[in-house]
Amino acid sequence: MNRFNRQVLCQQQSIRPALNFRGVGGFTLIELMLVLIILTLTIGIILPRIGAGWKRMEDREFLQEFVQTLRRARLQAMNKGEVIAFRIRGGERLYDLKAPPEKPIPKNVDIFADNLEEDPETRDRLILFHPDGSLVGNDLEIVFDKSRTFRVAIHPLFGIVKLSQAESR
């Protein structure tokens, strides 16, 4: 019986502090506000970096697709034995091998080139790839957000397309 009483006493003692509200630990309003301020500052610092990284990834995807389309034009010209036109429609911000072009150029992208051929019917700017691998056209400069510049160099005799980052304009 003594043993039973001890167990009950121990249980009762462990319950008593939980019922006493003065001894209950918790966070003060100032501590909670401090945590919220730290979280807000952390999110404010991290989110813009994540957004900028996401934007650069989208820019890189556009650049890769653009260069791949140029390379595809050269290969098609050599495989089909006919002239293939890479088209840029600046007013509508489109490019493609098809007429009319369908692939969009993002709004933060500017494309510069000198001496490109012009289609008299559609007014598209053209880079013409010939069956022997050569081309009529010029190198291109692609500028993202008026700050990051890439140069797309196309060898005039062999039509080999190379991409490199250039100095900003």
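This is a predicted model: local features need pLDDT of at least 70, side-chain atom pairs count only at pLDDT 80 or more; totals for chains, interfaces and linings use all residues.
Side-chain values use heavy atoms, with hydrogens and water left out.Strand S1 covers residues 84-89, and six of its six residues are buried, so S1 is largely enclosed by the rest of the structure. Buried here means under 20% relative accessible area, exposed means over 50%, and partly exposed is in between (1.4 Å probe, protein chains only). Strands (E, at least two residues) and helices (H or I, at least four) are DSSP runs, numbered from the N terminus. Ile 84, Phe 86 and Ile 88 point one way from S1, while Ala 85, Arg 87 and Arg 89 point the other way.

S1 runs antiparallel to S6, with five bridges joining them, and antiparallel to S2, with three bridges. Two strands count as paired if DSSP finds at least two bridges between them. On the S2 side, Arg 89 stands opposite Leu 94. The hairpin of S1 and S2 has four residues between the strands, and Arg 93 takes a positive phi near 60 degrees there.

## The four-stranded sheet

Another group of strands forms an open, antiparallel sheet in the order S4-S8-S9-S10. S4 (109-112) and S10 (161-166) are the edge strands, each pairing on one side only. Neighbours in this sheet are turned by 20 degrees against each other on average, direction ignored. For angles in general, axes are lines fitted to C-alpha atoms (for helices over the stretch in contact), and values run from 0 to 180 degrees between N-to-C directions.

Leu 140 has Val 152 in S9 as its bridge partner.

## Aromatic rings

A search of the whole structure turns up seven aromatic pairs. Rings of Phe, Tyr and Trp (its six-membered ring) pair if their centres lie within 6.5 Å; planes under 30 degrees apart count as stacked, over 60 as edge-to-face and the rest as tilted. Phe 62 and Phe 66 make a tilted pair, 5.7 Å centre to centre with 45 degrees between the planes. These two are four residues apart in helix H2, so about one helical turn separates them.

Phe 66 also pairs edge-to-face with Phe 86, at 5.2 Å centre to centre and 85 degrees between the planes. That pair links distant parts of the chain, with Phe 66 in helix H2 and Phe 86 in strand S1, 20 residues apart. Phe 66 has a relative accessible area of 0%, and Phe 86 has 0% too. Ring pairs tie Phe 62, Phe 66, Phe 86, Tyr 95, Phe 144 and Phe 150 into a cluster.

Most residues other than glycine have a negative phi, and most peptide bonds are trans. Ala 99 and Pro 100 are joined by a cis peptide bond, with omega about 0 degrees. Pro 100 sits in the loop between S2 (94-96) and S3 (103-104).

Arg 123 has a positive phi of about 65 degrees and lies in the loop between S5 (117-118) and S6 (125-129). Arg 123 is exposed, at 57% relative accessible area. Lys 146 has a positive phi as well, near 55 degrees, and belongs to the loop between S8 (140-144) and S9 (148-154). Lys 146 is exposed at 70% relative accessibility.

Definitions and conventions. Residues are numbered from 1 along each chain as its sequence is written.
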